[in-house]
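Here is a walk through one protein chain. Keep the sequence and the model side by side as you read.

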Amino acid sequence: MLLGMFLPNYCIAGVLSLVLPLLWWYEFDAASAGRKELAEWSGTKTISITDAKRSYLGPFGNDSIRLSAQDIPHHDTIVVELRVYILGSWDGVEDDDRLLIMLDGRDTLLYTTFSNTLIEQNYPAWRGGRVFPRRTGSAEVDVTGWIFSEPRVFHGPLDAAYTMVFRVPHSSRKCSITFQGFLTDVRPIPANEAWGIGSVRIGLVEKEKPPSPLNEPMVYPGR
Ligand SMILES: [Ca+2]
Ligand SMILES: [Ca+2]
């Protein structure tokens, strides 16, 4: 923040890039994705994009969706940046309405509950941990165009957008990111509760190069 007082934004970006030598190697944005980008996804439900006020992959319910990437350049750390939309009347800790995000089907990046109702949620803590008011940590609310309707209770926009960044040691030339929803409710899903994916970026931090040899003076025998 202190930097912001003295430097214009482009300078801050320059400073940050020195601190974090990050290459954004892969970018998926539902607003511009075509058939080629959709082919990188698979799951328990047909992969399609909803274009409303925002574009997102989904809506999904109790589904498992996977993004697969390969031929990744050499790296030793992977950075995953996600924009996830929590759609409808998620009930947080009461119904244990939760999302699981895994890297390579093995490393859990996120496993926690969300709420758009009056009930508390675990995010930004993990499932079973601290609880927070609904939508804590969200970047925006009621932005996608998703309408939740329950007669005599509620009718209107109901969603929350979360931007998340995960940084994980990783050197494999391929990776997958799996998203799985676990939703329960008295009313049918997903008209009631669902989720969508707005964007995914995969960044690579290049393998640290070995330190360069010291500039030792050449030694010439006999001189
Ligand atoms: Ca609900
Ligand atoms: Ca629920």
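Two residues count as in contact if their C-beta atoms, placed from the backbone, lie within 7 Å. Take the contacts in this protein between residues at least 6 apart in sequence: 66% of them join residues at least 24 apart. The model is predicted. Its mean pLDDT is 87, and 83% of the residues reach 70 or more. Over residues 1–18 the pLDDT is below 50. Beyond near neighbours in sequence, that stretch has four contacts in the model.

Now the overall make-up. The protein has four helices and 14 strands. Of its 223 residues, 30% are buried.

Begin with the open sheet. It has five strands, in the order S2-S5-S13-S7-S8, and the pairing is antiparallel. Strand S2 (41–43) and strand S8 (107–113) are the edge strands, each pairing on one side only. From one strand to the next, the twist averages 15°.

On one side, S2 and S5 pair in the antiparallel sense over three bridges. Here glycine 43 stands opposite isoleucine 65 in S5. Leucine 99 has threonine 112 in S8 as its bridge partner.

S7 and S8 also form a hairpin, with three residues between the strands. Aspartate 104 lies in the loop between S7 and S8. Its phi is near 55°, a positive value in a residue other than glycine. Most residues other than glycine have a negative phi, and most peptide bonds are trans. Is aspartate 104 buried, partly exposed or exposed? Aspartate 104 counts as partly exposed, because it has 14 C-beta neighbours inside 10 Å.

A second residue with a positive phi is arginine 152, at near 65°. Arginine 152 sits in the loop between S10 and strand S11 (154–157). It has 5 C-beta neighbours inside 10 Å, so it counts as exposed.

Next, strand S4. Five of the six residues of S4 are buried, so this strand is largely enclosed by the rest of the structure. S4 pairs with strand S3 (residues 49–51): the two run antiparallel and three bridges join them. Aspartate 51 has serine 55 in S4 as its bridge partner. The two strands form a hairpin with three residues between them. S4 also pairs with S14, in the antiparallel sense, over two bridges. There, the bridge partner of phenylalanine 60 is tryptophan 195 in S14.

Another cis bond runs from tyrosine 123 to proline 124, with omega near 10°. Proline 124 lies in the loop between S8 and S9.

What lies at the centre of the packing? In soluble globular proteins, nonpolar side chains tend to be buried together. The largest nonpolar core here has 37 residues, of which Val84, Tyr85, Ile86, Trp195, Ile197 and Val200 touch the most other members. The elements giving two or more residues to this core are strand S4 (55–60), strand S5 (64–69), strand S6 (77–88), strand S7 (98–103), strand S12 (159–169), strand S13 (175–182) and strand S14 (193–205). S6 gives the largest share, eight residues.

Which residues are in contact with valine 84, leaving aside its neighbours within four places in sequence? They are Tyr162, Met164, Trp195 and Ile197. Trp195 and Ile197 are themselves among the core residues that touch the most other members. Tryptophan 195 is also the bridge partner of phenylalanine 60.

Finish at aspartate 142. Aspartate 142 is in the loop between strand S9 (140–141) and strand S10 (147–150). Its 17 C-beta neighbours inside 10 Å are why it counts as partly exposed. Leaving aside neighbours within four places in sequence, aspartate 142 is in contact with Pro157, Leu158 and Asp159. How far apart in space are aspartate 142 and isoleucine 86? The two are 9.8 Å apart, C-alpha to C-alpha, and 56 residues apart in sequence.

Methods
Residues numbered from 1 in each chain as written. Chains lettered and ligands numbered in written order. Predicted model: local features only at pLDDT ≥ 70, side-chain atom pairs only at ≥ 80, totals over all residues. Core = buried A, V, L, I, M, F, W, Y, C linked by C-beta atoms within 7 Å. Buried ≥ 20, exposed ≤ 12 C-beta atoms within 10 Å, placed from the backbone. Pairing = 2+ DSSP bridges. Axes fitted to C-alpha atoms, helices over the stretch in contact; angles between N-to-C directions. pLDDT = per-residue confidence, 0-100.
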